[in-house]
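Please look over the following structure with me.

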Amino acid sequence: MGPAPTAARAQCPYCGVGCGLELRPPAASAAEPVWVARGDRHHPSSLGQVCVKGATVGATLHGGRLTTPLWRADRREPLRPVSWDEAMERLVDGIRSTLASRGSDGLAMYGSGQFLSEDYYLAQKLFKGFLGCNHFDANSRLCMSAAVSGYSHSLGADGPPCCYDDLDLADVVVLIGTNTAECHPVLWQRLLKRRRRDPGACRLIVIDPRRTATAAAADLHLALQPGTDLALLLGLGHQLLRHGAVDRAFVAAHTHGAEAWTALAEEWSVARSAAVCGVAEADLLAAAAAWAQGQRVLSAWSMGVNQSSEGSATVSGIINLHLLTGQIGRPGAGPFSLTGQPNAMGGREAGGLAQLLPGYRAIAEPQHRAELEAHWGLAPGAIDPKPGRSVWEQVLAMERGELGLWWVAATNPLVSLPWLDRVRQAVERCPLVVLSEAYAGTETEAVAHLVLPAAQWSEKTGVMTNSERRVTLCPAFRTPPGEARADWAILADLGRRLGFTDAFAYSEGPAGAAAIHAEFVAITAGRPCDMTGLSHGLLAAHGPQQWPFPAGTAPGGGSARLYTDHRFATPDGRARFWADAPGGAAEPPCDDYPLVLTVGRYLGHWHTMTRTGRVERLRHEHPEALLEVHPGDAIAAGLCDGGWAQVCSRRATITARVLITDGIRPGTVFLPMHWGASQPNPCEANRLMHDLCCPRSRQPELKGAAVRLAPTLR
Ligand code: SF4
């Protein structure tokens, strides 16, 4: 019998707020080994606050787990248990035979914002470095890649420049495309508390097609037509120019491109913008007046902006307004992307998207490739100069029969990708699908040949970075079930079996994780995300720290904000205005499909419910997906409240229970995206969605598809 488990501290493994949790072990007499979670008062990002998901995470850790590797040669057969040796040899054989027959373009991996940074870093080292294969992408592609692209495009580097304290300091907060109350609840509670404490000191403007819980609490709600965010931002910009709200000294000294953007904004009168967006002119004028009068303007956004075919341009559109008014790089002000997943930020730092390399580097940059080749001891030219395939490009490659091996880790793309029927058919063409996963029975397991049981958060050691660039050490405080292993340990084992013995000689345990972390942070030296002063030891001793945190930084001495000197990460230090004309939704409504379906999330559920679907309390709070329909649209379609509707798009038809509400604008309907085919009451919203992506960020437009409704019996 081992030593009794002790209490632990870690970052919550759900959303990108990244709250601190204190975990207490189950009592020896407990019927089930449920760890009890509560908010960690010592965590600077959350100060002891926690939402229902974080508070119930202990109940999700032990049940329904994969405990042994599984294999089948044919998807028509059941998966059967095999040893780790057999599983790894099958993986090695699959990689070698694919490389021999199709080259490195025949391989692809699809990882996750649930990865620890150590998992991410080692996947980049193995794939992009030692296998010469850049086709590693992560589910951040569906979530934050427009923010990555927009920040890089406008400011010269990725990285949110703000911090959570700014919510307490701003006098105007603009929330655009974010249902913060349900998706980032602890930040939302902080903002509400501030508004209660200091009534009238902080105006709240919400821009969202639905009257969400967030919008209901706003001083001003602009319920715009989905897909018109960029037009609305230009209308706001037009009016800021009229107001004389331009910080001319800032624009002249610290930016480029204002003339072209001004010329575009001049074309977007408030009347034109209001008409395109379907909002009242008076509301647009009021929003612009609030911004113009604000001393400290903070904007925040998430999927409603990012999941768009013009997501990157919209992010730059938000940043344009901050540059115009000098509202950046100072307390209470700035453009703040609220990250979806717990460690999507760490993934960006570690190079975990198909166009990136570790340390906020780009594959397309020869100098960046050379730096990683030297760091990894590879020959010059070992890293392919061509950026890898995004996840949708991986799907298309499978559809064309070009992939010999697709490895999915810690994510469930057979629920979360758009146009799921097409995805399923494409994946079925891939001769070897590998899944590393913690939980049994996911929709993606149904198409896998080889399943590797993964240790998850709480069972492996590593770091995560939250939305305000704060890095938290998450220690292993539970024993993994059965034979489950950390993702980074699986990657290291694979590297050694492929013959890269010295480069992947990490021990399996906390010391190995610390060594990987040390190797990773060393390559961030001099980069915008410099973390060379961080180590597992420092984080364990002094708690979470914000980057930049170069070597020699004292604990607590990381930067709360970026660009406080107004020198941006571009070659000349100036930020850039971008003049992108709005294109609107990629699939607008038409006579056959007259409504726009938008998708989103419920407070109590997380992504595809692999965790939260196991918590009785959360299932009880959100028993099924509800199709929100405006009363006028319900009458037109012959629907009744609580009845059933067929929802048809050009790609599929699904059935959903109807909720008639005037909280959604006419012409728009809403579904949550959580319920996959394996749920007792499935409602696969993403079967309906199209595949059109933002050309700059390659992020799919998951927020809008044209649909029609009809009444049905279930
Ligand atoms: S707000 Fe996000 S990070 Fe915080 S407890 Fe809830 S799910 Fe976890």
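The points below take the conventions, then the helix, then the strands.

1. This is a predicted model, in which local features need pLDDT of at least 70 and side-chain atom pairs count only at pLDDT 80 or more, whereas totals for chains, interfaces and linings use all residues. Residues are numbered from 1 along each chain as its sequence is written. Helices (H or I, at least four residues) and strands (E, at least two) are DSSP runs, numbered from the N terminus.

2. In helix α17 (residues 366-375), the residues His 368, Arg 369 and Leu 372 are buried, where buried means 20 or more other C-beta atoms within 10 Å of the residue's own, exposed means 12 or fewer, and C-beta atoms are placed from the backbone. Because they cover an arc of only 100° around the axis, they lie on the same side of α17, the arc being that of the directions from the helix axis to the C-beta atoms. The face turned away from this buried side carries the exposed Pro 366, Gln 367 and Ala 374.

3. Just after α17, Gly 377 takes a positive phi of about 70°.

4. Strands β24 (residues 626-629) and β26 (residues 653-660) pair in the parallel sense over four bridges, pairing requiring at least two DSSP bridges between two strands. Val 629 stands opposite Ile 660 in β26.

5. Strand β25 (residues 644-648) runs antiparallel to β26, with five bridges joining them, and a hairpin connects β25 to β26 through four residues. Trp 644 has Arg 657 of β26 as its bridge partner.
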